[in-house]
Amino acid sequence: MAAEPARKRVLVAGASIAGTSAAWWLQRRGFDVTVVERHPGFRDGGQNIDVRGAGRKVLAKMGLEQAVKDNGTGEAGIRFVDEHDNEIAEFDVEELGSEGPTAELEILRGDLARILYEACGDDVSFRFGDVIKAIEDGADAASVIFESGAREDFDLVIVAEGVGSSTRELVFQGENEPRWLDVTMGYFTIPKGQSDDDHCRIYTAGEGRSIWLRPDNKGTTRAILVVQKEADGEDELSPERQKAFLVDLFRDACWEAPRVLAGLETTNDLYFDVLRQVKMDRWSSGRVVLTGDAAWCATPIAGIGTTLAIVGAYVLAGELSQGPSLQHALKRYDEIMRPFVEKGQGVPKIAPKMLQPQTRFGVALQHAVLRVAAAPGIKQIATKLFISGADEIELPDYASVYPRN
């Protein structure tokens, strides 16, 4: 009896949501998958994210939709408040369902990543504490050199790292033309307070600032400080300077700012993000392909990043499993995903200015608009403005076959 052909080897760079999703689908379709992650261990933690539309359909195909729902943050909706914590407008999941600003599948980034990671099981090899240092792309294989000194050949390298992916720059040096959104955000965890409940509360502080307090399922509160201003080197700040930057800007803010800043001083999980979208004319080169934020970061403002990551992994694995050639599969992946990505990235730069007004008049106008938007009969229509087209893609129905060798 003839021996079965060797399985094609795929290396995924980044144990992100995109990376673990891609690994899950690829090993189910017969590939030999290795995931390399620069951090020494699996990373839990992170802020609230949501899965909508097509992303939820992919999770259902994976048999993971209920697990995600069971591990949700419990966020029941969003409440806009003034400096005295008086309600201005409220948008609830129970009333709006998946059409509202809070999705039914609302979960912490680390919890979703862990669900995907554990679902991969022993069929996927994870290597923590290492990173790609060089890729030599050849006709028969991509030869990868790791920081650890190891060198291995793979049939394909998938880069599923973040917006500032170093591996992307090894192959696509200077090709990313980022679109800056003039917003800086600080995410961190603080102790739960007496006023924290199952709603996300948003306070507009004026001068381009807002404070968000979101529930989680860990007995703590996730805080977000948002600053609307043009980037001026903030992406180069050290962790210490990041905290000082946020404290300086919010020290005179009202509402619960003192409590939030006190939490910021002692937190060890600050994630500081100067928002920019990744804009690439191509997502593949030879035996290297980009996916997730490394390919198309839409930023949290778009509200569709997690959905794009999950759908992109599904499409990429599906096309690789059924395409007549690698290049044909990567071309199809681009053709299917690019319209969906471009729609998701279509955030007007005026949106952050409307959410973080500069003047007292701007704050008063925002409050007036929110009160109208939350009125019965208008709420369902108004909330559609919060959501990118999370369902505006027809998911291909890939057969459950092994890849051609």
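Two strands count as paired if DSSP finds at least two bridges between them; helices (H or I, at least four residues) and strands (E, at least two) are DSSP runs, numbered from the N terminus. The model is predicted: local features need pLDDT of at least 70 and side-chain atom pairs count only at pLDDT 80 or more, while totals for chains, interfaces and linings use all residues. Residues are numbered from 1 along each chain as its sequence is written, and side-chain values use heavy atoms, with hydrogens and water left out.

**The sheet**

Select the 6 strands of the open sheet, which follow the order E7-E2-E1-E11-E18-E17 with mixed pairing. Strand E7 (125–128) and strand E17 (284–285) are at the edges with a single partner strand each, so one side of each has no neighbour in the sheet. Next, show E2 (residues 32–37) with E7: the two run parallel and are joined by 4 bridges. Val 35 is opposite Phe 126 in E7.

**The cavity**

Select Ala 15, Glu 37, Gly 41, Phe 42, Arg 43, Arg 109 and Phe 128, which line the largest cavity. A cavity is a set of points on a 1 Å grid over the protein atoms alone where a 1.4 Å probe fits but cannot get out; a pocket is an open set with protein on both sides within 12 Å along at least five of seven lines, and lining residues have an atom within 4 Å of a point. Grid points are joined across faces, edges and corners, and a volume is the space filled by probe spheres set on the points. The whole structure has 1 cavity of 30 Å³ or more; the largest has a volume of about 40 Å³.

**The second largest pocket**

This pocket has a volume of about 280 Å³. Of its 15 lining residues, select the closest to the centre: Tyr 203, Thr 204, Ala 205, Gly 206 and Arg 360. Strand E13 (199–206) and helix H13 (360–373) are the elements that each give two or more residues to the lining. The largest share, 4 residues, is from E13.

**The nonpolar cores**

A nonpolar core is a set of buried (under 20% relative accessible area, 1.4 Å probe, protein chains only) Ala, Val, Leu, Ile, Met, Phe, Trp, Tyr and Cys residues joined through side-chain atoms within 4.5 Å. In the largest, of 81 residues, select Leu 26, Leu 112, Ile 132, Val 157, Trp 283, Val 311 and Met 337, which touch the most other members. Helix H10 (residues 305–322) gives this core its largest share, 10 residues. Another core, of 22 residues, lies apart from the largest one and includes Ile 190, Leu 213, Leu 246 and Phe 272.

Definitions and conventions:
Buried < 20%, exposed > 50% of the residue type's maximum accessible area, 1.4 Å probe, protein only.
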